[in-house]
Amino acid sequence: ISNNIHTKYGTKAISIEADAAKENSLKNALSLTLKEFSKIDILINGAGKNSPTPFLEISIEEWDEVIQSQITATMLGCKIFGSQMLKQKSPFTEKV
């Protein structure tokens, strides 16, 4: 993906594999991003999965996985990357 972005838009891009529901994984992604670019300009929360199981048949374990990937991952991304953006006084965080 990063090569396609570079080719299509002529800009630098990197790919980082991370588990968005794991705090340490996101902290590592932040560290790698800062090492490469020195700042965070924007955060887009796009991770998440849904259950293929019909709602009335879903197990609590499967439900927990959905919640982790949808809600917990969004919160952690905002917390970890947002705190860096606030430190940078990013214009996108002015009204936080």
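Here is a short tour, with something to select at each stop.

Before you click, note that this is a predicted model, in which local features need pLDDT of at least 70 and side-chain atom pairs count only at pLDDT 80 or more, while totals for chains, interfaces and linings use all residues. Residues are numbered from 1 along each chain as its sequence is written, and side-chain values use heavy atoms, with hydrogens and water left out.

**Stop 1: the core**

Select Ala20, Ala21, Leu26, Ala29, Leu30, Ile40, Ala73, Leu76, Ile80, Phe81 and Met85: these eleven residues make up the largest nonpolar core. Such a core is a set of buried Ala, Val, Leu, Ile, Met, Phe, Trp, Tyr and Cys residues joined through side-chain atoms within 4.5 Å. Buried means under 20% relative accessible area, exposed means over 50%, and partly exposed is in between (1.4 Å probe, protein chains only). Now colour helix H2 (23-37) and helix H3 (60-88), the elements that give two or more residues to this core. H3 gives the most, with five residues. Helices here are DSSP runs (H or I, at least four residues), as are strands (E, at least two), numbered from the N terminus.

Zoom in on Ala21. Leaving aside neighbours within four places in sequence, Ala21 is in contact (heavy atoms within 4.5 Å) with Gln68, Thr72, Ala73 and Leu76.

**Stop 2: the pocket**

Next, show the largest pocket, with about 860 Å³ of space. Which residues lie nearest its centre? Pick out Ile16, Thr33, Ile42, Leu43 and Phe81, from a lining of 24 residues. H2 and H3 each supply at least two residues of that lining. A pocket, on a 1 Å grid over the protein atoms alone, is an open set of points where a 1.4 Å probe fits, with protein on both sides within 12 Å along at least five of seven lines; lining residues have an atom within 4 Å of a point. The volume is the space filled by probe spheres set on the points, which are joined across faces, edges and corners.

By class, the lining has 15 nonpolar, six polar and three charged residues.

**Stop 3: Ser69**

Move to Ser69 in helix H3. Is Ser69 buried or exposed? Ser69 is buried, at 14% relative accessible area. A polar atom of its side chain lies 3.1 Å from the backbone oxygen of Val66. Beyond its neighbours within four places in sequence, Ser69 touches Ala47, Gly48 and Lys49.

**Stop 4**

Lys49 counts as partly exposed because its relative accessibility is 40%. Show the side chains of Lys49 and Glu65, which are joined by a polar contact of 2.8 Å. A polar contact is a pair of N or O atoms within 3.5 Å; within protein, one must be able to donate a hydrogen and the other to accept it, and residues adjacent in sequence count only if both atoms are side-chain atoms.

Asn50 is in the loop between H2 and H3 and counts as exposed at 64% relative accessibility. A polar contact of 3.4 Å joins the side chains of Asn50 and Gln70.

**Stop 5: Ser38**

Finish at Ser38, found in the loop between H2 and H3 and exposed at 57% relative accessibility. Ser38 has a positive phi of about 70 degrees although it is not a glycine. Most residues other than glycine have a negative phi.

How values were computed: Nonpolar A, V, L, I, M, F, W, Y, C, P; charged D, E, K, R; others polar.
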